Amino acid sequence: MTLSDKDKEYIWHPFTEMSDWCADHHDPLVIERGEGVYVFDKSGGKYIDGNSSIWTNLHGHNDLRINQAIARQLSKISHTSFLGTTNEPAILLAEMLVNMFPDKTLQRVFYSDDGSTAVECAMKIAIQYFQIIGQSEKRRFVAFDNAYHGDTFGASSIGGIKTFFSRFKDLSFPTVQLNSVDDLKSVDAKEIAAIVIEPKVQGAAGIRLWPDGMLQELRHWCNLNNVLLILDEVMTGFGRTGKMFACEHEGVTPDLMCLAKGLSGGYLPLAVTMTRESIFKAFLGSKNNTFYYGHSYSGNPLGCAAALASLRIFEEDRVLDKLAKKVECLKIGLNSLKLKNHNISDVRQSGLISGIEISQEFGNIGSEICNAARSYGLLTRSIRNIIVFMPPLVINEEQINDSLDAIDKAINVIVS
Ligand SMILES: Cc1ncc(COP(=O)(O)O)c(C=O)c1O
């Protein structure tokens with residue numbers, strides 16, 4: 001059996017219609033290695049990693065500094081319990097993360113494994129917090145249509161993408177789903193524990209941009225109504241929108257912040273939920289109030305070592321300073337692509353996050369276009385009729401233009 005045959009025989013892939021995957025004519029791409037912005041398959045194919053390996057990678061693949069940081073930690077210990085003991089990389093990373101936010105705001109770091117668990121944890125902290133302070137009626141969440149916060153039950157309760165979540169809705173946590181900030185007028189805050197939002201841009205919804213000023217309005221409403229603001233920066237965090245965190249665009253600090261994906265530079269599964277000290281303090285002093293939540297790999301030293309190396313690269317390589325030119329290059333490229341290719345109905349961008357929408361008349365044709373783009377050296381994924389282009393921050397201007405060229409050609413091949 002070839003590797004592909006074995007894959008089809010033994011593996012169940014996420015978000016995948018498996019009869020299509022296992023069909024005889026489907027030859028899965030087996031990725032073997034990566035170098036910078038490129039990934040290589042087993043047959044020698046070379047592709048720009050146009051979706052940052054599912055929105056995780058920041059500084060490119062096989063970065064020596066992250067590799068060495070992981071290797072150094074590996075030579076000491078790869079994992080140890082975070083229940084009852086602690087470890088150096090997790091401590092230093094927590095310190096570094098806290099120092100990235102305004103003084104006396106997000107001062108506590110709770111570790112978990114991925115975006116969903118970071119959100120799950122934020123939701124549980126919010127509910128338990130209000131129970132502890134004697135306001136247990138506050139047990140509902142406000143979330144948004146088309147939101148995506150992950151697939152564990154809590155996170156999917158606040159998800160707004162019907163295809164993924166509607167079958168589980170009657171088993172979900174109580175949530176008020178809104179379309180826009182205006183809908184808050186009809187919300188009775190008495191039972192609301194928290195608002196959860198992907199700030200600036202909804203990713204899985206198809207790169208949908210929120211209006212400027214929305215975060216400030218949400219912050220204001222939360223302050224007025226004794227409601228916590230949970231920002232899910234699992235996708236937007238770590239430079240993707242052009243600033244370190246999307247909330248910086250509006251000078252807003254949340255009460256709880258969820259980070260994952262790019263936290264480890266995209267090298268290992270690692271997540272954090274950060275919270276204000278005032279929330280943390282409510283849990284102190286009684287076993288009854290203890291936060292009984294955790295995962296076997298919480299605070300994993302390898303993941304934390306990778307994250308520390310990734311954050312140092314931000315400083316060493318002045319990653320954020322260099323972003324503005326790349327963001328501008330992408331903006332110019334997207335606009336000229338739209339002018340040139342009449343099958344594109346819209347282009348949307350926040351930093352290096354972009355969505356290229358193909359006219360609805362062609363149906364959900366995105367995955368066919370992405371498949372075609374492979375033969376022009378670009379690997380990315382689509383959402384329905386939207387091609388997502390969200391490259392690692394390390395990408396250069398020439399590679400951005402090559403990627404948009406590949407998308408243009410692929411559209412012309414499929415839609416002609
Ligand atoms: C905004 C957001 N939150 C949460 C998640 C879930 O993260 P994970 O897949 O690591 O569980 C995602 C994943 O795409 C996401 O985009």
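Author: The shell around the ligand holds seven nonpolar, five polar and four charged residues (Ala, Val, Leu, Ile, Met, Phe, Trp, Tyr, Cys and Pro count as nonpolar, Asp, Glu, Lys and Arg as charged, and the others, Gly among them, as polar). You are looking at a predicted model, where local features need pLDDT of at least 70, side-chain atom pairs count only at pLDDT 80 or more, and totals for chains, interfaces and linings use all residues. Residues are numbered from 1 along each chain as its sequence is written.

Of the 16 residues around the ligand, the nearest are Asp114, Gly115, Ser116, Gly150 and Val234 (near means a C-beta atom, placed from the backbone, within 6 Å). Helix α6, residues 115-132, gives the most to this shell, with three residues (helices are DSSP runs of H or I with at least four residues, strands are runs of E with at least two, numbered from the N terminus).

Now for the packing. Helix α4 (residues 64-74) lies against helix α11 (residues 301-316), with their axes 8 Å apart and an angle of about 150 degrees (axes are lines fitted to C-alpha atoms over the stretch in contact, and angles run from 0 to 180 degrees between N-to-C directions). That is why α4 and α11 are roughly antiparallel (over 145 degrees; under 35 is roughly parallel, 65 to 115 roughly perpendicular, the rest oblique). On the α4 side, the contact includes Ile66, Ala69 and Ile70, and on the α11 side it includes Leu302, Ala305 and Ile313 (contact means C-beta atoms, placed from the backbone, within 7 Å). Eleven nonpolar, two polar and two charged residues make up the contact of α4 with α11.

Another pair to find is helix α13 (residues 366-374) and helix α14 (residues 397-414), whose axes come within 8 Å and cross at roughly 120 degrees. α13 is therefore oblique to α14. Glu368, Ile369, Ala372 and Ala373 of α13 make this contact, with partners on α14 including Ala406, Ile407 and Ala410. The contact of α13 with α14 has nine nonpolar residues, no polar one and one charged.

Before you go, look at two backbone angles. Ile54, in helix α3 (residues 52-55), has a positive phi near 55 degrees and is not a glycine. Lys200, in the loop between β7 (192-197) and β8 (201-202), also has a positive phi, of about 75 degrees, without being a glycine. Most residues other than glycine have a negative phi.

Note on methods: Two residues are in contact if their C-beta atoms, placed from the backbone, lie within 7 Å.
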